[in-house]
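This report describes a sheet, the helices against it and the aromatic rings around it. The sequence and structure come first, and the description follows.

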Amino acid sequence: AWENFIRCKRCFYIERKLEIKSINTPGYPINSRIDSLLKTEFDYYRKRQEPHPIFKKYNLNFIPYQHKELDRWRNSLTGGISYLDEDTNLQIHGGVDDIWYDLDNKELVVVDYKAQSSNTKVETDVYLDSIYHQGYKIQMDIYVHILRKMGFQVSDTSYFYVCNAEKSFDNFEGKLNFTITLVPYVTDTSWVESNIKEMKKTLELDSVPKINKSCEQCMYLDAGKEFI
């Protein structure tokens with residue numbers, strides 16, 4: 001919803017205030033299954049409070065963070081991480097994939113699992129600069145902001161846990177082969193609070209915002225009016 005607001009205030013207003021939902025996109029069951037397996041995998045080390053092998057590979061003194069509310073935090077449909085913004089009276093929430101704990105700095109580290117299949121090697125600068133990944137960074141900024149508002153010490157640096165299904169294998173044999181890369185992202189939360197205020201102002205408008213000519217959905221719906 002937040003990315004929707006940044007992309008197009010009109011679509012955000014129609015969906016959030018008028019409660020007219022946009023057409024849902026198909027789900028990604030393979031990506032969802034990978035997320036589920038990763039959560040189970042990290043929970044194994046979480047229960048034992050031991051470092052996951054990826055931490056050793058990247059020389060990180062981390063362990064998976066353990067908290068009684070973690071399952072709820074990881075499910076946006078049951079509340080996720082959240083806080084009430086007192087200036088706007090808006091409940092801000094979202095579901096994180098995982099949280100790690102930095103033993104050196106005593107801070108939480110936000111993690112987002114990403115699954116893809118690309119011939120290109122996953123490199124930090126290229127990954128973060130991709131036009132298709134800008135929403136990922138917005139998401140991370142918001143998660144860090146929320147957790148800090150919840151009273152936690154949170155690292156500026158978050159991580160994308162990127163699982164890339166290799167295309168170099170000739171045989172399927174009932175399995176995909178993944179290369180795992182940790183992509184660090186230094187979050188920026190300085191824009192979040194002002195954006196919440198803009199969101200509130202938009203929701204309080206008496207009429208639908210003007211068509212955004214940069215929004216594909218707005219232009220599609222507007223073009224279709226002549227055929228009605």
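## The sheet

Strands β4 and β5 run antiparallel and are joined by five bridges, where strands are DSSP runs of E of at least two residues and helices are runs of H or I of at least four, both numbered from the N terminus, and where two strands pair if DSSP finds at least two bridges between them. This is a predicted model, in which local features need pLDDT of at least 70 and side-chain atom pairs count only at pLDDT 80 or more, while totals for chains, interfaces and linings use all residues. Residues are numbered from 1 along each chain as its sequence is written, and side-chain values use heavy atoms, with hydrogens and water left out.

Ile 99 has Val 110 of β5 as its bridge partner, and in the hairpin of β4 and β5, with four residues between the strands, Lys 106 takes a positive phi near 55 degrees. On β5, seven of the 10 residues are buried, so this strand is largely enclosed by the rest of the structure; buried means under 20% relative accessible area, exposed over 50%, and partly exposed in between, with a 1.4 Å probe and protein chains only. β5 also pairs with β6, in the parallel sense and over six bridges, and Ala 115 stands opposite Cys 163 in β6.

The open sheet has five strands in the order β1-β4-β5-β6-β7, with mixed pairing. Its edge strands, β1 and β7 (178-186), each pair on one side only. Neighbouring strands are turned by 30 degrees against each other on average, direction ignored. β1 and β4 run antiparallel and are joined by three bridges, and the bridge partner of Phe 62 in β4 is Asp 102.

## Helices on the sheet

Helix α3 (residues 29-48) packs on the sheet and touches β1, β4, β5 (107-116), β6 and β7, its direction making about 145 degrees with that of β5. α7 packs on the sheet as well, touching β4, β5, β6 and β7, with its direction at about 155 degrees to that of β5. Contact here means heavy atoms within 4.5 Å, and axes are lines fitted to C-alpha atoms, for helices over the stretch in contact, with angles from 0 to 180 degrees between N-to-C directions.

Helix α7 (residues 134-149) has 16 residues and reaches 23 Å from its first C-alpha to its last, close to the 22 Å expected at 1.5 Å a residue, a span taken as 1.5 Å times one less than the number of residues. Its buried residues include Gly 135, Ile 138, Asp 141 and Ile 142. α7 is followed by Gly 151, whose phi is positive, near 100 degrees.

## Aromatic rings

A search of the whole structure finds 20 aromatic pairs; rings of Phe, Tyr and Trp (its six-membered ring) pair if their centres lie within 6.5 Å, and planes under 30 degrees apart count as stacked, over 60 as edge-to-face and the rest as tilted. Phe 62 and Tyr 159 form an edge-to-face pair, 6.1 Å centre to centre with 70 degrees between the planes. This pair links distant parts of the chain, with Phe 62 in strand β1 (residues 62-64) and Tyr 159 in strand β6 (residues 157-165), 97 residues apart. Phe 62 counts as buried at 5% relative accessibility, and Tyr 159 is buried with a relative accessible area of 11%.

The rings of Trp 100 and Tyr 161 have centres 6.5 Å apart and planes at 80 degrees, so this pair is edge-to-face. Phe 42, Phe 55, Phe 62, Trp 100, Tyr 113, Tyr 159 and Tyr 161 are linked by ring pairs into a cluster.
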